[in-house]
Amino acid sequence: TGIDGVSNSIVEFQGKMYVAYGQYTSPHSYLACWNDTVWTPVTMFNNSDANITGQISKILDMVEYQGELYVAGDFDSIGGIAAHCIAKYDGATWRTVGNASFQGAGSYTPQVYRLAIYNGELYATGTFDTVNSIDCKSIARWNGSQWQAPNTIFPSSVIVQGACVYNQELYMGVMYPSTHICEIVKYNTISMQTIGTLYGSVVSPGVLRSFGEKLYLGGYFSSINSIENMHNFAVWNGFSWSPFGDGPTNDTALADMDACETDKELAIK
């Protein structure tokens, strides 16, 4: 009969489909798995776990790394253990990820929005200035045993919403709260480079997806750099941005997407 809520993230792990979702009708968020026959609950959050009174704790992203399921989001505990914004699960037991403690990012509650595996390491992006007192400005890397800052960090507090590996580089959607500027940057372990600035009545780089030989961007925006009529969708071919498809005409409608290389299709939401 499905799930009674709205899913935030879906990932395959150990032959099952894990779904993180939240409900509007009850102050709970859940993680459940589907084995192609039945649903099995994995864990549940309630408001006592929230970082802000009245805010529902939630999982925002999941990825398999080194044989375990890593989950990230806005929570202080999961599966009966204290874990701040990130934890890992081996199919039976929850554990912390280096006893991570995310702090800072101005007035924003520390959260991890996206996880990406790049250069053999797990990258966590979101809203934070430090991890375990390491200055990392909303992007940190986990090598399986310890947290480290990337070799190049942002100059100020930022919000990193999207993260995706494309052409052996890590692409990120970055918001600068102090200036309200949103950019797409790429990182190659040596340097960061801005490849696009977003414009529109409402601007937010929501999600990045690599599909085929191109990189796709969905979010809130009407143009990138000097290219108009994007309508929340854009494609990067490694050298330049361009619109794709007709797209929605409402620039305040958030665009999201998922790529499935098996079926060779890109799903737009």
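**Strands and salt bridges in a predicted model**

R95 has a relative accessibility of 35% and therefore counts as partly exposed. The model it belongs to is predicted. R95 forms a salt bridge with E68, in which the closest N and O atoms are 2.3 Å apart.

- E68 and K88 are both buried.
- A network of salt bridges links E68, K88, D90 and R95.

**Other salt bridges**

- The model has seven salt bridges in total.
- One of them joins D74 to K58, with 3.5 Å between the closest N and O atoms.
- D74 is in strand 6 (residues 68–74) and K58 is in strand 5 (residues 58–65), and the two residues are 16 apart in the chain.
- D74 is buried, and its relative accessible area is 0%.
- As a general point, side chains of opposite charge can pair when their charged atoms come close.

- Four strands make an open sheet in the order 12-13-16-17, and their pairing is antiparallel.
- Strand 12 and strand 17 (147–148) are the edge strands, and each of them pairs on one side only.
- Strand 12 (residues 111–118) is mostly covered, with seven of its eight residues buried.
- Seven bridges connect strand 12 to strand 13 (residues 121–127) in the antiparallel sense.
- Within this pairing, Q111 has T127 in strand 13 as its bridge partner, and L115 stands opposite A124 in strand 13.
- Strand 12 and strand 13 form a hairpin with two residues between them, and N119 in the turn has a positive phi of about 55°.

**The sheet of five strands**

- Five strands make a second open sheet, in the order 18-19-20-21-24, again with antiparallel pairing.
- Strand 18 and strand 24 (223–224) stand at the edges with a single partner strand each, so one side of each has no neighbour in the sheet.
- Strand 18 (residues 159–166) is mostly covered, as seven of its eight residues are buried.
- Strand 18 pairs with strand 19 (residues 169–176) in the antiparallel sense over seven bridges.
- These two strands form a hairpin with two residues between them, and N167 in the turn has a positive phi of about 50°.
- Strand 19 also pairs with strand 20 (residues 181–187), in the antiparallel sense and over seven bridges.
- M175 in strand 19 is the bridge partner of I159, and the bridge partner of M175 in strand 20 is C182.
- In general, the side chains of a regular strand alternate between the two faces of the sheet.

**A loop residue**

- G15 is in the loop between strand 1 (6–13) and strand 2 (16–22).
- G15 is exposed, at a relative accessible area of 60%.
- G15 and W34 are 19 residues apart in sequence, and their C-alpha atoms are 9.2 Å apart in space.

Terms used
Residues numbered from 1 in each chain as written. Predicted model: local features only at pLDDT ≥ 70, side-chain atom pairs only at ≥ 80, totals over all residues. Heavy atoms only, no water. Buried < 20%, exposed > 50% of the residue type's maximum accessible area, 1.4 Å probe, protein only. Pairing = 2+ DSSP bridges. Salt bridge = Lys/Arg side-chain N within 4 Å of Asp/Glu carboxyl O.
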